[in-house]
Amino acid sequence: MKPRLHCARLALFLCGCAAFLNLYATQSILQTFAAQFQVSAKAAGWSITVTTLAVAITAPFVSRLTGRFEQRTVISVAALLLAVPALMTAYANSFVEVLVWRFVEGMLIPVVFATSVAYIGDRWSGATVTEVTSLYVAGTVLGGFAGRFVTGVMTDYVGWREAFELLAVLSLMVGGFIQFLLPVSRARTQRVRTSSSSVFRKPLLAAYAVGFCVLFSQVAAFTYAGLYLGLPPFNLGPAALGTLYAVFLLALIVIPIAGRLSKARPHAQLLSVAALLGVVGSVLTLLPFLWSIVLGLALSSTGVFLAQAAANAFTTASAGDNKAGAVGVYLTCYYLGGSCGAIVPGLLWERWGWVGCVVLIITFQLLTLLIAQTGWKPLKPELIPTP
């Protein structure tokens with residue numbers, strides 16, 4: 001029984017990798033896209049925005065479209081299919097084609113994401129949901145880093161088209177491992193049809209707001225930090241910018257530990273710690289030294305992933321029988337935040353540069369902290385499982 005349990009957790013870690021491997025893959029090569037397709041760096045940012053918009057549009061419908069199918073099959077097939085738009089991006093002849101295939105990529109990603117989170121909620125209960133969700137989020141950390149790192153390094157030394165060919169191969173490998181390792185989901189009992197209003201109760205609205213703020217901060221920070229560090233006096237190229245995302249790897253250590261430590265604590269405590277880490281990290285990036293910017297981005301990104309783990313666990317714990325519906329709405333708000341995070345700071349970037357972007361990012365991080373203190377009610381003592 002224990003080996004199967006470990007296989008399930010490893011598979012869910014890989015589900016996180018699959019969901020995020022391609023999502024932000026263009027973030028380290030925006031300048032390359034701008035030069036290749038003769039568009040501005042700001043316009044090149046749409047290669048991220050269209051993907052997150054597609055995720056936001058598709059997410060609410062995932063449970064309806066896939067609910068009748070077995071969850072492991074849904075997750076592994078979607079993970080394998082992610083290789084197709086990645087490969088087609090490699091052969092795109094115009095920036096419009098890139099955007100089309102990046103949009104298709106975004107339509108497949110929430111199938112992996114939403115079904116994985118629903119799988120966790122159906123298979124585990126109580127405080128274990130937080131622990132397993134943290135492991136899944138740790139997988140998204142590795143996937144997010146790997147996608148950016150592969151495209152950055154491959155673009156610098158081989159070419160951006162070859163980078164997307166490699167991403168396609170990696171997507172096939174990860175999808176195959178998920179199919180092999182993830183146990184078949186338990187048969188879901190027939191549940192009473194719930195009103196759609198059940199996913200818009202006050203605690204869940206607070207979780208959706210957190211999701212919007214969290215990804216807004218993350219995308220804004222790393223999109224415009226990449227542009228900032230590509231300018232004098234730093235002048236970092238694609239490979240260096242791809243390596244910069246290694247700061248995500250700190251979260252691989254922190255998040256599973258935090259998931260275990262927070263099993264018997266209110267989700268709001270983990271979210272408060274995450275928000276404070278984000279604020280401290282953002283302030284550090286204002287210092288004019290590369291080491292302080294890297295350290296600040298490391299702290300900020302760790303805070304983002306901690307907040308994501310807390311929000312995912314809080315959503316599944318608060319959604320009752322309508323977990324898939326609540327996760328879908330959460331994902332829509334989450335990726336709408338990411339879409340806005342790629343565009344809105346550009347208005348400040350043109351006038352106030354990186355400083356203006358950081359002020360906006362900190363505003364959203366403080367808003368997350370405010371929600372944690374006021375909107376997230378801890379579970380009643382009798383509902384908190386003992387560790």
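Modeller: Two residues are in contact here when heavy atoms of theirs lie within 4.5 Å.

Is Ser28 buried or exposed? Its relative accessible area is 4%, and the cut-off for buried is under 20%, so Ser28 counts as buried. Leaving out residues up to four places away in sequence, Ser28 touches Arg148, Thr151, Gly152, Pro238, Leu241, Gly242 and Tyr245. Two polar pairs can be named for the side chain of Ser28. A polar atom of this side chain lies 3.0 Å from the backbone oxygen of Arg148. With the side chain of Thr151, the side chain of Ser28 makes a polar contact at 3.3 Å.

Beyond its neighbours within four places in sequence, Ala34 is in contact with Val39, Ser40, Ala41 and Ala44. Ala34 and Phe95 are 61 residues apart in sequence, and their C-alpha atoms are 9.2 Å apart in space. Gln38 sits in the loop between α2 and α3 (41–44). Gln38 is exposed, with a relative accessible area of 75%. The phi angle of Gln38 is near 55°, a positive value in a residue other than glycine.

A positive phi also occurs at Asn235, again near 55° and in a residue other than glycine. Asn235 belongs to the loop between α11 and α12. Pro233 is also placed in the loop between α11 and α12 (238–244). The peptide bond from Pro232 to Pro233 is cis, with omega near 5°. Among the residues that Ser28 touches are Pro238, Leu241 and Gly242, and residues 238–244 form α12.

Now the core of the chain. The largest nonpolar core has 121 residues, and Phe33, Ile178, Tyr335 and Trp376 have the most contacts inside it. Helix α11 (residues 202–229) gives the most to this core, with 18 residues. Domain 1 (1–182) and domain 2 (199–377) both give residues to this core, so the core lies between them. For Ile178, the contacts beyond four places in sequence are Ala11, Leu14, Cys15, Ala18, Ile75, Ser76 and Ala79.

For the chain as a whole, there are 16 helices and zero strands. Of the 387 residues, 57% are buried. Among contacts with a separation of 6 or more, 83% join residues 24 or more positions apart. The chain exposes about 15800 Å², and carbon and sulfur atoms supply 70% of that area.

Last, confidence. The mean pLDDT of the chain is 84, and 89% of the residues reach 70 or more. Confidence is highest in helix α7 (residues 83–90), at a mean of 96, and lowest in helix α13 (residues 249–261), at 73. Over residues 189–195 the pLDDT is below 50, and this stretch has five contacts beyond near neighbours in sequence. Residues 378–387 also stay under 50, with seven contacts beyond four places in sequence. Where pLDDT is low, the predicted coordinates should not be read in detail.

Definitions and conventions
Residues are numbered from 1 along each chain as its sequence is written. This is a predicted model: local features need pLDDT of at least 70, side-chain atom pairs count only at pLDDT 80 or more; totals for chains, interfaces and linings use all residues. Side-chain values use heavy atoms; hydrogens and water are left out. A nonpolar core is a set of buried Ala, Val, Leu, Ile, Met, Phe, Trp, Tyr and Cys residues joined through side-chain atoms within 4.5 Å. Buried means under 20% relative accessible area, exposed over 50%, partly exposed in between (1.4 Å probe, protein chains only). Helices (H or I, at least four residues) and strands (E, at least two) are DSSP runs, numbered from the N terminus. Domain bounds come from an automatic or database domain assignment. pLDDT is the predictor's confidence in each residue, from 0 to 100. A polar contact is a pair of N or O atoms within 3.5 Å; within protein, one must be able to donate a hydrogen and the other to accept it, and residues adjacent in sequence count only if both atoms are side-chain atoms. Accessible areas come from the Shrake-Rupley method with a 1.4 Å probe; for residues, only the protein chains shown count as cover.
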